[in-house]
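Notebook open. I want to look up a helix, some ring pairs and a bit of surface.

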Amino acid sequence: MKEIFDHVYHLGDSGCSVYLVNSNSEEGLILIDCGMSLNLIKKIIKIGLNPMEINHCIITHFHIDHIGACSDLKNFNKKVKFYAHELDADAIEERGHDKETAAKWYGVKYIPVKLEKRFKGVLEILKFGEYDLQCIHTPGHTPGSISILLEIQGKKILFGQDLHGPMIPGISNFDNYQKSLRMLLSLKADILCEGHFGIFQPASGVQRYINSYIE
Ligand SMILES: [Zn+2]
Ligand SMILES: [Zn+2]
């Protein structure tokens, strides 16, 4: 658990890294992905925040390690609204998509949650308090993968889950993945919050990391 930047926290890892943004407004707290355990999310009490103030959870893609705890979170705090790209939405909202979510591979059962909004197209901006969260479609790892860009005090913070791939037969698309990586590189982010490999900074470190997956 650590503060990466003012109001931006790495809550830790449970399946994937889970990040939290405090909007400092009545919009409350925003999660980037949910991980696989509600215990991780409850730990935010340790940093002096209230998990009952989580109003929003932006889902980067449909894999179980990123969405496993969503239904537990919803049961714990009915206010939470979920967001994801329309191309990954069915697997998040419906039963029977174990191939997509990889729930079977992990040996767990996924309980679907309803989305407040399905992102369409290349860019959708969620405005919470002072913060604009740019939700950018970055297909490749999954069809509806998104990355989220947030600018605070002139610093560009990029939440890029699963930029390492991997390519899953029948689901991933390598050409789209490479295109998405090049687009992310062009954003020139100062800080990268990644899904399984931690936090990369400054900008040169972000560039180096993304570049290492470009062929
Ligand atoms: Zn994934
Ligand atoms: Zn992952």
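I take buried as under 20% relative accessible area, exposed as over 50% and partly exposed as in between (1.4 Å probe, protein chains only). Helices (H or I, at least four residues) and strands (E, at least two) are DSSP runs, numbered from the N terminus. This is a predicted model, where local features need pLDDT of at least 70, side-chain atom pairs count only at pLDDT 80 or more, and totals for chains, interfaces and linings use all residues. Residues are numbered from 1 along each chain as its sequence is written, and side-chain values use heavy atoms, with hydrogens and water left out.

Helix α8 came up with Gly 205, Val 206, Tyr 209 and Ile 210 buried. They sit on the same side of α8, because they cover an arc of only 130° around the axis (taken from the directions from the axis to the C-beta atoms). I checked what they pack against (heavy atoms within 4.5 Å): β11, α7, β12 and β13.

Next I searched the whole structure for aromatic pairs and got seven. Rings of Phe, Tyr and Trp (its six-membered ring) pair if their centres lie within 6.5 Å; planes under 30 degrees apart are stacked, over 60 edge-to-face, the rest tilted. Tyr 19 and Phe 159 have centres 5.7 Å apart and planes at 55°, so I logged a tilted pair. Tyr 19 is in strand β3 and Phe 159 in strand β11, so the pair ties together parts 140 residues apart in sequence. Tyr 19 is buried at 0%, and Phe 159 is buried at 0%.

I also noted that Trp 105 lies in helix α6 and is exposed, at 73% relative accessibility.

Note on methods
Chains lettered and ligands numbered in written order.
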